[in-house]
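Keep the structure open beside you as you read.

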Amino acid sequence: MSAADTLPTVGKPLGVEAIDTHTEALRVAEFAKYKPTYCWDETRELELAGTTWRVLASAKIEDAEDAHFLSVIDKWTLSAETIIPPVHHTQILDPSSTETLNTSSIDDSSIWNCSNTDKAVVEVSRVRRVLVPKRKDKDPLLTENVVVSRLGCGVYARFIPIVASANDLPFYYPQVREYAFGFLEPEDKDHAASTLVILARELSPDSAVATKKQQVIWRDLIKRLYKWTVTERFGYQKRVVLDVMVAYDTYMAKYQELKAKYAAFWIDNWPEQTDPRKFVIEDIAIASWIICLWQQDGNNQQPSFVDLGCGNGLLVHLLTAEGYVGYGVDQCSRKVWSHYGHSVDLRAQTLEPYEYIADVDWVIGNHADELVPWIPVISARSSAKFVVIPCCPHDFSGRKMAFPAVAGQSKYHAYSTYISDLAEHCGFEVEKEYLRIPSTKNLAIVGRRCVAEVGQIDIDKIVWAGKQGFIARVPDSVKNKVRLAKVQARKQQNGSKSLL
């Protein structure tokens, strides 16, 4: 019996994770045509129904229709958080409350003024919504009217904040009286492209709507508007579904709590060379999600854990600080380990995974590289649950894995499927969750229930197959010593030659 006969194969279709590569190629080709025009240094104005607007940014878009644009606006209206990160969620008020705009708004015209134009304005929709911020203790709620209208050859969506004065606008909101997205059709529809525009009405004649800070906002919005409209044209198919295992509100509440506790300190005091703004935030997000997952068990006893391949150990520190008992293992210690204090159990050792038994409730593998395929096996042998976030593909020997090219699937998804199949082979019911972390390798594979009777003999077969050819990873510290020795040897050799 060979190892290949015992271990699961690679190449299983990915179902919803697969995409139409032809459509995707067309969409990417349209993205490449994106060439925006910004109007920061010159003032360009547009007269619409007797109201003067300042043009901030525009972009030509080919073969799109106003229906595609309106579909994007509808999504953005219902979920402002998709384009405004500081917003937690959007509350749509009762439609009856949107029939008349609030006269306390800093907007001084509740409807389009048609007295100076012979082109009628046709109102398409009117919605009143409330933007609920993530930082509820610091940022105020913002009520906003969204009015979509047709005017001449264009469709416009106006976003009108309902506040008593400009001082009441949240920090994240554009400092304008109102702003609008527009879709302008060409007069000659057969030979010209349509135009997407972003417009704004200034708070006062001397107010600035294109400061450096606001330019970042407008650049991002026009790009998103272009890409979303193109995507609507080709038909949008959601690749992944978020918040399957842990509800969004539950996760965000825990994430905001942990971020407020730990982020600022570790970002300011991070001793490693890596970027703390990425790694600190990422580990806080992962810790938040894991804690929410554990709290679903419904018992008062907090689970124990081990983090295999724990790296900088921050995830272990966060879970320990939140009252969970566990430890982390990695081949080499890190500089930051000494900053956590004695309460955080981090162990520098090389594991032989085919012999390792974990005396804990949960085994964690966060980008654990060579240990990733072993984690479902270790968990099955230890009668433990597991959560693993795969990264670089490795097989049981520790070598990099190669995958055949399959239309509509990435190597990462192929590897994730391989790990999922392996977990099922070990008797686990596999659950998956795409995490809200700043990484493209963000799929968590979870095994918390055994649904198949897998005997010890079957597990031993998997271990035996995986043990064949296993080579422990050479620690980075050893690699660095070897590299420095070679450099010094070359210098000495060159010095000897120069003396001759």
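## Ground rules

Contact here means heavy atoms within 4.5 Å. Helices (H or I, at least four residues) and strands (E, at least two) are DSSP runs, numbered from the N terminus. The model is a predicted one, in which local features need pLDDT of at least 70 and side-chain atom pairs count only at pLDDT 80 or more, while totals for chains, interfaces and linings use all residues. Residues are numbered from 1 along each chain as its sequence is written, and side-chain values use heavy atoms, with hydrogens and water left out.

## The chain as a whole

The chain holds eleven helices and 16 strands. Of its 500 residues, 48% count as buried, where buried means under 20% relative accessible area, exposed means over 50%, and partly exposed lies in between (1.4 Å probe, protein chains only). Among contacts with a separation of 6 or more, 67% come from residues 24 or more positions apart.

## Helix H7 and its partner H6

Let's start with H6 (residues 276-295) and H7 (residues 314-321), which pack at an angle of about 45° with their axes 9 Å apart. The axes are lines fitted to C-alpha atoms, for helices over the stretch in contact, and angles run from 0 to 180 degrees between N-to-C directions. The angle makes H6 oblique to H7; angles under 35 degrees count as roughly parallel, over 145 as roughly antiparallel, 65 to 115 as roughly perpendicular and the rest as oblique. From H6, Phe-279, Val-280, Asp-283, Ile-284, Ile-286, Ala-287, Ile-290, Ile-291 and Trp-294 meet Leu-314, Leu-315, Leu-318 and Leu-319 of H7. These contact residues divide into twelve nonpolar, no polar and one charged. In this scheme Ala, Val, Leu, Ile, Met, Phe, Trp, Tyr, Cys and Pro are nonpolar, Asp, Glu, Lys and Arg are charged, and the others, Gly among them, are polar.

H7 is mostly covered, with seven of its eight residues buried. Besides H6, the buried residues of H7 pack against helix H5 (248-268) and strands S10 (305-308), S11 (326-330), S12 (345-348) and S13 (362-366). After H7 comes Gly-323, which has a positive phi near 100°.

## Helices H3 and H4

Another pair is H3 (residues 66-78) and H4 (residues 212-234), whose axes come within 8 Å and cross at roughly 120°. That makes H3 oblique to H4. On the H3 side the contact involves His-68, Phe-69, Ser-71, Val-72, Lys-75 and Trp-76, and on the H4 side Leu-221, Arg-224, Leu-225, Trp-228, Thr-229, Glu-232 and Arg-233. The residues of this contact split into six nonpolar, three polar and four charged.

## Val-388 in its strand

Val-388 belongs to strand S14 (residues 385-389) and is buried, at 0% relative accessible area. Leaving aside neighbours within four places in sequence, Val-388 touches Gly-365, Val-372, Ile-375, Ile-419, Leu-443, Ala-444 and Ile-445. Leu-371 is 17 residues from Val-388 in sequence and 9.8 Å away in space, C-alpha to C-alpha.

## The cysteines

How many disulfides does the model contain? The count is zero, taking a disulfide as a pair of cysteine sulfur atoms within 2.5 Å. The sulfur of Cys-450 has its closest cysteine sulfur in Cys-426, 9.0 Å away, which is too far for a bond. Cys-450 is exposed, with a relative accessible area of 57%, whereas Cys-310 counts as buried at 9%.
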